[in-house]
Amino acid sequence: MTDYRMDRTLTLGPVTLTVADLERSVRYYTQVAGFRLLDRRTRRARLGVRGRALVDLREVAGAVAPPSSGPGLSHFAPLVPTRADVARFARRHLDAGLDVDPRDHVVSQSCYVTDPDGHTIEVTWACPQERWQWTDEGLPVVVSTPIAVQDLLDEPGASTPAHLPTGTRMGHVQLKATDAALTRTKPFYRDLLGLEIFARLGDGFIGVGVSDHRSLLVLTNRFSPRGGTPAGSDTTRLAHVDLLLTATGAIEALAERLTAAGHPHQHTATGLTTRDPSGNPLRFSAHGAA
């Protein structure tokens, strides 16, 4: 452990993903998932809610699925203001004939779906902290218990059509790690990046963040605890996760730490990019620069 801590202004920006057919993806995200199209360019689209991008899609025509065991995105989790927003998200998918997987995590309630390229989305609502449970080491209990679909759909307001609300922001991003017992992942995020561990489940799952016991990044090796094959350039994959800072000098301080540790990174006037020990791409930048 070190005394260094990541600046508490850290928040999550959009995830950047490659897709095989941009037109197909835009239709899904706008017509089914309830995202708004914020910007459309040749082979690129940014989607989210008014004033905030949640996903940046880049087309790689004909891209195929990546190896399931490799590093990359497990899911990204837009955080909505109410349980009814989760219910509406589920209903839109059911109305489109698509599968949903509602889950109770104690700290949150969520609905999991997959987009046309197999990227998993978890729309989630944060339960009030007075309802949380705590482990002996003072961390929030994290479980995954199925919620009956009808129970979710019975939430008042579930039948009212609506996009994801303006207050939606990125709650967390879960990444696939490839090291047994997370022996390289934990010191990278905790000691080098200075994030705090706010969730733990055995030797294969941790959540890290900066404040309020809320995890921004979650790392799990359940897909590949003994190494995995990285995604190729012709696959539908995670291009990077955006992490945003407002404090002056926070990115420079991080660059100094990575340099001192000999950890590969690129530091420019607009931000800093690096990869975690499994190869997951992270991009740090100032608010407004991502």
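Which residues have the most contacts inside the largest nonpolar core?

1. The model discussed here is a predicted one. Its largest nonpolar core has 69 residues, and those with the most contacts inside this core are Tyr29, Phe76, Val173, Tyr189, Val241 and Phe284.

2. Leaving aside residues up to four places away in sequence, Tyr29 touches Leu17, Gly34, Phe35, Leu47, Val55, Leu57, Phe76, Asp115 and Ile121. Phe76, one of these partners, is also listed with Tyr29 among the residues with the most contacts in the core. Tyr29 has a relative accessibility of 0% and therefore counts as buried.

3. Four aromatic pairs are found when the whole structure is searched. One of them joins Tyr28 and Tyr29 in an edge-to-face arrangement, with 5.1 Å from centre to centre and 80 degrees between the planes. Tyr28 is buried as well, its relative accessible area being 6%.

4. A further pair is formed by Phe188 and Tyr189: the ring centres lie 4.9 Å apart and the planes stand at 90 degrees, so this pair is edge-to-face. Phe188 and Tyr189 are both buried. Tyr189 is again one of the residues with the most contacts inside the largest nonpolar core.

5. Tyr28 and Tyr29 also belong, together with Phe35, to one aromatic cluster.

6. A contact of another kind involves a charge and a ring. The charged end of Lys176 sits over the ring of Phe223, at 4.6 Å from the centre of that ring.

Conventions. Residues numbered from 1 in each chain as written. Predicted model: local features only at pLDDT ≥ 70, side-chain atom pairs only at ≥ 80, totals over all residues. Heavy atoms only, no water. Core = buried A, V, L, I, M, F, W, Y, C linked by side-chain atoms within 4.5 Å. Buried < 20%, exposed > 50% of the residue type's maximum accessible area, 1.4 Å probe, protein only. Contact = heavy atoms within 4.5 Å. Phe/Tyr/Trp six-rings, centres within 6.5 Å; stacked < 30°, edge-to-face > 60°. Lys NZ or Arg CZ within 6 Å of the ring centre and 35° of its normal.
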